[in-house]
Amino acid sequence: MPLAPDVARRLLLADRSGEFSAILDESRQHLDSLAELSEVEPLIGSIGSYVPSRSWLQVLLRDYLLVGLCSDFIDQVQGHLDEELIPASGSYGPWLGVGTGVRVRWDEEMRAQLAAATDLSAESAFARKLVGEVLSVAQRLAAVHQDLCSLLTGAGEGDLDDLSAITEVMAAVLSLHDRRVAELGLEP
């Protein structure tokens with residue numbers, strides 16, 4: 001909130017937080033039973049600690065990039081998920097709200113801020129650090145929980161097959177992320 005430059009943008013942040021609360025409320029009923037995911041919360045907290053937003057533009061970028069990474073990851077693994085992990089709508093796409101609701105205003109604000117910026121080197125570095133930390137968290141989870149890798153990839157042929165499959169998923173997600181970042185005018 002302190003990085004939002006005015007009341008209108010603070011309200012935008014509050015609206016986006018409301019959307020996230022709704023997402024978390026719905027996801028909780030699907031995910032609370034997975035013990036492995038209890039370990040995710042502290043790791044996700046580490047991302048904010050290691051890669052803090054230092055400007056309003058970075059607050060906007062953080063949301064945009066993290067939702068993009070999540071969306072790309074879910075697109076890669078959704079076909080392998082058990083039915084009980086799929087939202088009632090049948091897809092995680094609408095659940096993430098990409099291109100809908102407050103997210104549209106959020107993305108417009110981010111693009112306006114990017115267009116107004118004269119030097120995007122700090123934002124490029126921020127995006128690289130952010131995705132690096134997210135990938136680090138994902139790799140730590142994959143290394144410790146091969147059963148989770150098997151669940152997400154459908155490989156199930158053994159530890160090396162599961163890790164190989166999740167590595168392929170992460171490579172595809174990273175490629176899509178790099179393209180998204182370049183489209184914003186940032187250096188991947």
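In the predicted model, the side chains of D72 and R180 form a salt bridge, with an N to O distance of 2.4 Å. D72 belongs to helix α3 (residues 56-77) and R180 to helix α8 (residues 159-183), so the pair ties together parts that are 108 residues apart in sequence. The structure holds one salt bridge.

H177 is buried, because its relative accessible area is 2% and the cut-off for buried is under 20%. Neighbours within four places in sequence were set aside for the contacts of this residue. H177 then touches L65, L69, D72, A127 and V131. One of these, D72, is also the salt-bridge partner of R180.

Helix α3 was next examined against two further helices. Two packed helices are described by the angle between their axes and the distance between the axes. The crossing of α3 past α5 is left-handed. On the α3 side, the contact is made by W56, L57, V59, L60, L61, D63, Y64 and V67. On the α5 side, R103, W106, D107, E109, M110, R111, Q113 and L114 take part. Sorted by class, this contact has 10 nonpolar residues, one polar residue and five charged residues.

The second case is helix α6 (residues 121-144). Here the axes of α3 and α6 come within 10 Å. The crossing angle is roughly 40°. α3 and α6 are therefore oblique to each other. Their crossing is right-handed. From α3, the contact involves L57, Q58, L61, R62, L65, L66 and L69. These residues meet A122, E123, F126, A127, L130, V131 and V134 of α6. By class, the contact of α3 with α6 has 11 nonpolar, one polar and two charged residues.

Conventions. Residues are numbered from 1 along each chain as its sequence is written. This is a predicted model: local features need pLDDT of at least 70, side-chain atom pairs count only at pLDDT 80 or more; totals for chains, interfaces and linings use all residues. Side-chain values use heavy atoms; hydrogens and water are left out. A salt bridge is a side-chain nitrogen of Lys or Arg within 4 Å of a carboxyl oxygen of Asp or Glu. Helices (H or I, at least four residues) and strands (E, at least two) are DSSP runs, numbered from the N terminus. A crossing is left-handed if the near helix is turned anticlockwise from the far one by less than a right angle, and right-handed if clockwise. Contact means heavy atoms within 4.5 Å. Ala, Val, Leu, Ile, Met, Phe, Trp, Tyr, Cys and Pro count as nonpolar, Asp, Glu, Lys and Arg as charged, and the others, Gly among them, as polar. Axes are lines fitted to C-alpha atoms, for helices over the stretch in contact, and angles run from 0 to 180 degrees between N-to-C directions. Angles under 35 degrees count as roughly parallel, over 145 as roughly antiparallel, 65 to 115 as roughly perpendicular and the rest as oblique. Buried means under 20% relative accessible area, exposed over 50%, partly exposed in between (1.4 Å probe, protein chains only).
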